[in-house]
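Hi there,

Here is the structure I promised to pass on to you. Have a look at it first, and then read on for my notes.

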Amino acid sequence: MSGAVGNARKHTALPKAEILIEALPWLTRHNGKIVVIKFGGNAMIDEDLKAAFAQDVVFLRQAGLKPVVVHGGGPQINAQLDKQGLVSEFKAGLRVTTPEAMDVVRMVLAGQVQRELVGLLNQHGPLAVGMTGEDAHTITATKHTPEIEGELVDIGRVGEITAIDTGAIEALLADGRIPVISSIARSADDHHVYNVNADTAAAALAAALGAETLMVLTDVEGLYADWPSSDEVISRLTVSELEKLLPELSSGMVPKMEGCLHAVRGGVSNARVIDGRVQHSILLEIFTDEGIGTMVVPDEQHEPNEQNEPHQPHEPNEPQGGAQ
């Protein structure tokens, strides 16, 4: 009887062992590497997805990686603006961030979204530390004035990133912490702050940190080859291939894919857009042979395994800022 029980136990445990063994080469390759994760979409709103995201990030940290989380908070900002009766003005289809709206943005990002995420991560230990781009001059920006149909449009306190100082983040990583960064920037030329696009901020930070990977959570499976005619996802493409596709992309995907483009051009080994609606999508992407989503790599990379070669960081090319 005991032999039968032993065989049953061995049988049920074997798939778990196989999963762990499959992860081994990826664990080895990613050990000690920085991965910047842009937290957004449904994963920010759904309670189960939020909890799974926190587990994934802590797993990365415990597995020897150095995760850095960057977040915005569009839905939460909209809800608070409505609650306070602040009507959003739009110019050429872009939301204007007034000084009053900027106060709400700052409060929601640093006081609500960031606090909740730090709390979820710290259920697993004294790991996460929240900060904004204002802290220690981490993100500096100037006023972003987009050109729409040949005219410059004033959209208020929206910033274009001009400089990144990684000192505070690197100190936290050296101390074994997980930095959680709200996408707010200090102004380069006055005493105010700017709202910056979180995809853009994550890309700029990934490049400046010499990260191995930028990972952007979205509400789609990845970059589609021929949407809406087909739902086939492009699993891998080079920066040059992506550059050609950019003009054809939907407006929601543009800042995400531009962020991936700028990050890889700035020295990040690879950038990935993954489906944040799938629980544990981060672990599936990093630690399995199949992976999910779309990965962007430098032009000179052709073989699938080259993405994991050791990366020598160099000076980043700063991406453009934009609206939150």
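Helix α3 (residues 74-83) and helix α4 pack at an angle of about 125°, with their axes 9 Å apart, and α3 and α4 are therefore oblique to each other. Oblique is what remains once angles under 35 degrees are called roughly parallel, over 145 roughly antiparallel and 65 to 115 roughly perpendicular. The axes are lines fitted to C-alpha atoms, for helices over the stretch in contact, and the angles run from 0 to 180 degrees between N-to-C directions. Helices (H or I, at least four residues) and strands (E, at least two) are DSSP runs, numbered from the N terminus.

Before going further, please keep in mind that this is a predicted model, where local features need pLDDT of at least 70 and side-chain atom pairs count only at pLDDT 80 or more, while totals for chains, interfaces and linings use all residues. Residues are numbered from 1 along each chain as its sequence is written, and side-chain values use heavy atoms, with hydrogens and water left out.

Back to the helix pair. On the α3 side, Q76, I77, Q80 and L81 meet A101, V104, V105, M107, V108, L109, Q112 and V113 of α4, where contact means heavy atoms within 4.5 Å. By class, this contact of α3 with α4 has 9 nonpolar, 3 polar and no charged residues. Here Ala, Val, Leu, Ile, Met, Phe, Trp, Tyr, Cys and Pro count as nonpolar, Asp, Glu, Lys and Arg as charged, and the others, Gly among them, as polar.

Helix α4 (residues 99-121) also packs with helix α2 (residues 47-62), at an angle of about 60° and with the axes 9 Å apart. That angle makes α2 oblique to α4. The crossing of α2 and α4 is right-handed. In this pair, E47, K50, F53, A54, V57 and V58 of α2 meet E116, L117, L120 and L121 of α4. The residues of this contact divide into 7 nonpolar, no polar and 3 charged.

One more residue of α4 deserves a look: Q114. Q114 is buried, at 3% relative accessibility; buried means under 20% relative accessible area, exposed over 50%, and partly exposed in between (1.4 Å probe, protein chains only). Not counting residues up to four places away in sequence, Q114 touches H71, L109, G130, M131, T132, V180 and S182.

Now for the whole protein. There are 9 helices and 15 strands, and buried residues make up 48% of the 324 residues. Of the contacts with a separation of 6 or more, 76% join residues 24 or more positions apart.

What about the interior? The largest nonpolar core has 44 residues, and V36, L214, M257 and V296 have the most contacts inside it. Such a core is a set of buried Ala, Val, Leu, Ile, Met, Phe, Trp, Tyr and Cys residues joined through side-chain atoms within 4.5 Å. Helix α6 (residues 198-209) gives this core its largest share, 8 residues. A second, separate core of 42 residues includes L49, V69, V104 and I274. Leaving aside neighbours within four places in sequence, V296 is in contact with residues including L237, V239, M257 and A271.

T218 lies in strand β12 and has a relative accessible area of 2%. Beyond four places in sequence, T218 touches K256, V273, I274, D275, G276 and R277. G222 sits in the loop between β12 (213-218) and β13 (236-238) and is buried at 1% relative accessibility. The C-alpha atoms of G222 and I292 are 70 residues apart along the chain, yet separated by 7.9 Å.

Finally, some backbone details. Most residues other than glycine have a negative phi. A136, though not a glycine, has a positive phi of about 55°; A136 is in the loop between β5 (128-133) and β6 (139-143) and is partly exposed at 48%. E149, also not a glycine, has a positive phi of about 50°. E149 lies in the loop between β7 (147-148) and β8 (151-152) and is exposed, with a relative accessible area of 80%.

Happy exploring!

Note on methods: A crossing is left-handed if the near helix is turned anticlockwise from the far one by less than a right angle, and right-handed if clockwise.
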